[in-house]
Amino acid sequence: MSRSGKRKRDDGEEADMEAIVWQTPANPPEPRDYIFRNGRRYVRPYYFEFISHAKKRWAGKTIVDLFADEFKGRSYDYYVSAVKCGRIRVDDKMVHTSYVVQSSQKISHFLHRHEPPVLAGDVLVLQNEADILTVYKPASVPVHPCGQYRKNTVVGILQAEHGLAPLYPVHRLDRLVSGLLIFAKSADKADFLRQQVEAGLLQKEYIAKVIGVFPEKEVVIDANICYNAREGRSFVEINDSCIDKAFKGKTACTKFTQINTNGQYSLVLCKPVTGRTHQIRVHLHCAGHPIANDMLYLSEDVPSRSASGVGADRAASGTCKPPMSNSHKVDSFAEDSASEEFSIDPMCTNCPNLPPKGYDEDEEGIWLHWLLDQLSNLSAWSPPHGPDRALIYGRCSKTRVADDIFVSWEE
C-alpha cells in the first residue's frame, strides 16, 4: 500500500513538472521578457533549469546537504521539498533526500527564476559593422550572463531588442560602470582584438566624479593592488605589505587629471596604465578622493559579502546611502499592471515579489564612465555622426561628456 501510494505521488509530481515549460541557456531572451517600472528594467520571472556537474568536494554528501552547504540563499527545508517533488534531480532522475552524490554526476535544479533589476537606460547601438559592434552600456547592467543575471545583461538585451547574437566581448566593463563597449561577432575576431588589448594597443580613458577638490596637476598613483575575490574588494599595498595579509598585490598604476570642480566634487580624467580589478576605484580612494557614490570604497566598515550572501557593492550600499543622482527623478516608463502579470510559483522563495530577495530599487551605477580612446586597426571606436545622445560618446570635449553623464553641480 505504501509503495503504491508513493508511486502515485511521484506520478503526480512528474506530471506537474512536465506541465511547466522549463527554459535553459539555449532559450534566447525576447522583448516581452522585460518589465519597466520606476526607472528600472525587470525580467518577468520564468522557469529555468540550472545544470551543474558534481565537483570532487561534493562527492559523499547527501543531495540536500550539498545544496544547503553550497547554495545558502534558500533554507534547508526548501531543499528537502525540492528534492521530494523533483525540482532537484540527479542524472535527470528523482532521488531520495538521503541520496549520496558522486563526482561528475549531472545535477539539475528547476526553479522559478527572478533576476535582479537594472537601470532602465537603453543599450544604444553606436556602430554596427560586419564583424564588430560598438554599443553604450548603461551603469548597473552586467555585460554577459553571470550569477543571477541572464536576460538582464547587455548581451541579453541586445539579442532581445536588436536580434544581435552571438556576440563576444572584447574587453571588460564592470557592472556598475557605464561607457562604450566593443563586441566581436565571431570568436576569431574577438581573439584578435583581445590580443591587441593585451598588447597595450587599447588606450583607456575614464571620467569619474569624486569627492573634494582634486589637485590641478596630474596625480600618479603607483601602488600595488590586492584583490580579495571572496569579498569582492581590492586593497592597496602599504609599505610593501597588503592590508589583507593573505593576498599578494599586483603592480598597478593610474594617472589622474582634474577636468573641473565646484568645490564639493571634482570631475577627473582617469588613465589606467595597468588593468587590475577595481583599479581606478581603489586608487582614487588611495588618493583621498573616492568616487562620490561608490559605497564599496567610501565606507571603511563594509559588511562581509560572504556572510551576507550578496555582492560586495550591494553589501556596502546597505551601510549608508550614496548621493542621489537625477535618475530617480525621471520615470518615463508608465506602470502597466496588465503587462506586468507573471505566474506565481507556490515553491518560489521570491514570489509574489518581482525582484529576488535582497534586491530593491535603491541601487544606482557609480559615477565612473569609460571613454574608448583608440584601438589600432579598429574603426568602430569612433561612433557615427548621429543625433541626440549618440553624439556625446564621440570625440567631443571630455567636459561636455562629463556634464551629460553625471549630475549637474547645482543638484
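This is a predicted model: local features need pLDDT of at least 70, side-chain atom pairs count only at pLDDT 80 or more; totals for chains, interfaces and linings use all residues.
Me: Salt bridges to start. How many does the structure hold?
Reply: The structure holds twelve salt bridges. One of them pairs K151 with D33.

Me: How far apart are the closest N and O atoms in K151–D33?
Reply: They are 3.2 Å apart.

Me: And is that pair buried or exposed?
Reply: K151 is buried, and D33 is buried too.

Me: Where do the two residues of K151–D33 lie?
Reply: K151 is in the loop between β8 and α4, and D33 is in the loop between α1 and β1, so the pair ties together parts that are 118 residues apart in sequence.

Me: Next, K61. Which residue does K61 form a salt bridge with?
Reply: E70. The closest N and O atoms are 3.9 Å apart. The cut-off for a salt bridge is 4 Å, so this pair counts.

Me: How accessible is K61? And E70?
Reply: K61 has a relative accessible area of 24%, which makes it partly exposed. E70 is at 26% and also counts as partly exposed.

Me: Which residues are linked in a network with K61 and E70?
Reply: R57 and D69. Salt bridges link R57, K61, D69 and E70 in a network.

Me: What is the nearest side chain of opposite charge, and how far away?
Reply: E115, at 4.5 Å.

Me: What's the phi of D92?
Reply: It is positive, about 65 degrees, although D92 is not a glycine. Most residues other than glycine have a negative phi.

Me: And D91, what is its phi?
Reply: Also positive, about 55 degrees, and D91 is not a glycine either. D91 has its place in the loop between β4 and β5.

Me: How accessible are those two?
Reply: D91 is at 35% relative accessibility and counts as partly exposed. D92 is at 46% and counts as partly exposed.

Me: Peptide bonds now. What is the bond from A165 to P166, and what is its omega?
Reply: It is cis, with omega near -5 degrees. P166 lies in the loop between α4 and β9.

Me: What kind of peptide bond joins C351 and P352?
Reply: A cis one, with omega about 5 degrees. P352 is in the loop between α9 and β18.

Me: Last one. Where is A292, and is A292 buried or exposed?
Reply: A292 lies in the loop between α6 and α7. At 2% relative accessibility, A292 counts as buried.

Me: How far is its C-alpha from that of A208?
Reply: The two C-alpha atoms are separated by 8.6 Å, with A292 and A208 84 residues apart along the chain.

Terms used. Residues are numbered from 1 along each chain as its sequence is written. Side-chain values use heavy atoms; hydrogens and water are left out. Buried means under 20% relative accessible area, exposed over 50%, partly exposed in between (1.4 Å probe, protein chains only). Lys and Arg count as positive and Asp and Glu as negative; His and the chain ends are not counted. Helices (H or I, at least four residues) and strands (E, at least two) are DSSP runs, numbered from the N terminus.
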